[in-house]
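Visitor: I would like to go through this entry one question at a time. Please show the structure and then take my questions.

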Amino acid sequence: MSEPEKQFADFLRSKGLKFTPERREILRKIFATHEHFDVETLFEKLKKGGERISLATIYRLVPLLIESGMIRQATRCEGHVTYEHVFGHKLHYHLVCVRCGKIIEFRDEGIERLLMQVCDKYDFTVIDHRLGVRGICSACREE
Ligand SMILES: [Zn+2]
Ligand SMILES: [Zn+2]
Ligand SMILES: [Zn+2]
């Protein structure tokens with residue numbers, strides 16, 4: 001079993017849930033690449049691979065994957081939600097193009113430092129934070 005599989009299997013066990021072959025297949029597909037993904041694309045990929053997993057099964061699994069700390073919501077743009085791995089990834093931020101849906105990831109120590117200063121000022125303990133900027137990418141702007 002891969003690390004994400006082990007961790008997720010442990011989580012499911014702690015909730016009294018089974019790591020079914022379907023759940024394993026979905027998890028494998030998600031961790032086969034490091035890209036951001038949405039549920040519909042994931043469903044199409046599984047279908048192409050010959051898996052008979054319903055869209056509803058994937059939708060039901062997503063909250064468990066989030067709760068277990070495997071994935072998180074990456075972006076929400078015009079009602080379109082994408083997810084990404086938490087497991088094995090460093091904190092980063094997103095620029096989202098509203099025309100083509102492209103997502104640019106970036107890290108910036110200046111922003112991280114600034115956020116820490118703000119939290120210090122308000123004596124606030126950070127659990128999670130995210131930053132997403134909606135806009136138009138250079139390729140779309142040239143059109
Ligand atoms: Zn990854
Ligand atoms: Zn674009
Ligand atoms: Zn990301």
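Guide: One definition comes before the questions: a residue is buried under 20% relative accessible area, exposed over 50%, and partly exposed in between. The model is predicted.

Visitor: Is His34 buried or exposed?
Guide: Exposed requires a relative accessible area over 50%. For His34 the relative accessibility is 61%, so His34 counts as exposed.

Visitor: Which residues coordinate the zinc ion (ligand 1)?
Guide: The donor residues are spaced H-x50-H-x3-H in sequence. The distances are 1.9 to 2.0 Å, and the donors are His34 (ND1), His85 (ND1) and His89 (NE2).

Visitor: Which residues are the protein donors of the zinc ion (ligand 3)?
Guide: Along the chain the donors follow the spacing H-x47-E-x7-H-x1-H-x10-E. They lie 1.9 to 2.1 Å from the zinc ion (ligand 3), and they are His36 (NE2), Glu84 (OE), His92 (NE2), His94 (NE2) and Glu105 (OE).

Visitor: How many residues apart in sequence are the parts tied together by His36 and His92?
Guide: Both residues are donors to the zinc ion (ligand 3). Because His36 lies in the loop between α2 and α3 while His92 lies in the loop between β2 and β3, the pair ties together parts with a separation in sequence of 56 residues.

Visitor: Is His92 buried or exposed?
Guide: Buried means under 20% relative accessible area. The relative accessible area of His92 is 7%, so His92 is buried.

Visitor: Which residue in β2 is the bridge partner of Arg72?
Guide: β1 and β2 pair in the antiparallel sense over six bridges. They form a hairpin with two residues between them, and Glu78 in the turn has a positive phi of about 50 degrees. In β2, Arg72 has as its bridge partner Glu84.

Visitor: How many of the seven residues of strand β1 (residues 71-77) are buried?
Guide: The cut-off for buried is under 20% relative accessible area. Strand β1 is largely enclosed by the rest of the structure, because the number of its seven residues that are buried is five.

Visitor: What is the order of the three strands in the open sheet?
Guide: The edge strands are β4 (103-106) and β5 (132-135), each pairing on one side only. β3 and β5 run parallel and are joined by four bridges, and Cys97 stands opposite Gly135 in β5. The pairing in the open sheet is mixed, and the order is β4-β3-β5.

Visitor: How are α2 and α3 oriented to each other?
Guide: Their axes are 10 Å apart and the packing angle is about 110 degrees. Angles of 65 to 115 degrees count as roughly perpendicular. The crossing is right-handed. α2 and α3 are therefore roughly perpendicular.

Visitor: How are α3 and α4 oriented to each other?
Guide: α3 and helix α4 (residues 55-67) pack with their axes 10 Å apart, at an angle of about 130 degrees. Angles over 145 degrees count as roughly antiparallel and 65 to 115 as roughly perpendicular. α3 and α4 are therefore oblique.

Visitor: Which residues does Ile26 touch, not counting residues up to four places away in sequence?
Guide: Ile26 is in helix α2 and is buried, with a relative accessible area of 1%. Ile26 and Thr57 are 31 residues apart in sequence, with 9.2 Å between their C-alpha atoms. With that exclusion, Ile26 touches Leu42, Leu46, Ile53, Thr57, Ile58 and Leu61.

Terms used:
Residues numbered from 1 in each chain as written. Chains lettered and ligands numbered in written order. Predicted model: local features only at pLDDT ≥ 70, side-chain atom pairs only at ≥ 80, totals over all residues. Heavy atoms only, no water. Donors = N, O, S within 2.8 Å, 3.2 Å for Na, K, Ca; no water. Buried < 20%, exposed > 50% of the residue type's maximum accessible area, 1.4 Å probe, protein only. Pairing = 2+ DSSP bridges. Axes fitted to C-alpha atoms, helices over the stretch in contact; angles between N-to-C directions. Parallel < 35°, antiparallel > 145°, perpendicular 65-115°, else oblique. Left-handed = near helix turned anticlockwise from the far one by under 90°. Contact = heavy atoms within 4.5 Å.
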